[in-house]
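Trainee: I would like to learn how to read the pockets of a protein model. Could you take me through them step by step?

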Amino acid sequence: MQSKKPADSEVTAYQMVMPSHLNGGWCLFGGQLMSWIDLAAGAAACRHSGGQILTAACEVRFLSPARTGDLLKLAAKLSFAGESSMEVLVRVSRGPDTVALARVTLVAVDNDGRPRPTPSLLPCTEGEKRDYAFAQRRYLKRKQAKS
């Protein structure tokens, strides 16, 4: 299986915050944002793996509130690919401001829902190499904890 670069599966999506997306404090409901993050990360992982994926874990840092009328940009990019799992970094921004940062772990699965191989990731830029090294450490730590 041929390696892929992070740019090969990068996804950018946009979402407009509407009144139905708000919580009781008139800010974007965190669960709604997590759903949008999961969709963007899933699209990037699907492009990388070439098939079905499942979300295994998600870590989100909410940094700034979003309100009605805000146009949010979700930029999703793979930071690591293991045997069947992938880590996708998602940055949610409103103009120059970062609203949230997320790290999503997804698994490539076959038609029976079993893990299947995914292409390795070939980081190119210094930033991609740094993200890959950190993600690889987290991946190895998770594998070690399982055994």
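Trainee: What is the volume of the largest pocket?

Mentor: Start by remembering that this is a predicted model. In it, the largest pocket has a volume of about 440 Å³.

Trainee: How many residues line the largest pocket, and which lie nearest its centre?

Mentor: The lining is made of 23 residues. Leu89, Val90, Leu101, Ala102 and Asp131 are the ones nearest the centre.

Trainee: Which elements each supply at least two residues of that lining?

Mentor: Look at strand 2 (53–62), strand 3 (71–81), strand 4 (85–94) and strand 5 (97–108), together with helix 2 (126–146). Helix 2 gives the most to the lining of the largest pocket, namely seven residues.

Trainee: How many residues of each class does the lining of the largest pocket have?

Mentor: Sort the lining by class and you find 12 nonpolar, nine charged and two polar residues.

Trainee: Now the second largest pocket: how much space lies in it?

Mentor: That pocket holds about 310 Å³ of space. Among the residues lining the second largest pocket are Ala56, Glu83, Thr105, Pro115, Tyr139 and Arg142.

Trainee: Which elements give two or more residues to the lining of the second largest pocket?

Mentor: Those are strand 2, strand 5 and helix 2. Helix 2 gives the most here, with four residues.

Trainee: And how do the residues of this second lining divide by class?

Mentor: The lining of the second largest pocket has five nonpolar, three polar and four charged residues.

Technical notes
Residues are numbered from 1 along each chain as its sequence is written. This is a predicted model: local features need pLDDT of at least 70, side-chain atom pairs count only at pLDDT 80 or more; totals for chains, interfaces and linings use all residues. Side-chain values use heavy atoms; hydrogens and water are left out. On a 1 Å grid over the protein atoms alone, a cavity is a set of points where a 1.4 Å probe fits but cannot get out, and a pocket is an open set with protein on both sides within 12 Å along at least five of seven lines; lining residues have an atom within 4 Å of a point. Grid points are joined across faces, edges and corners, and a volume is the space filled by probe spheres set on the points. Ala, Val, Leu, Ile, Met, Phe, Trp, Tyr, Cys and Pro count as nonpolar, Asp, Glu, Lys and Arg as charged, and the others, Gly among them, as polar.
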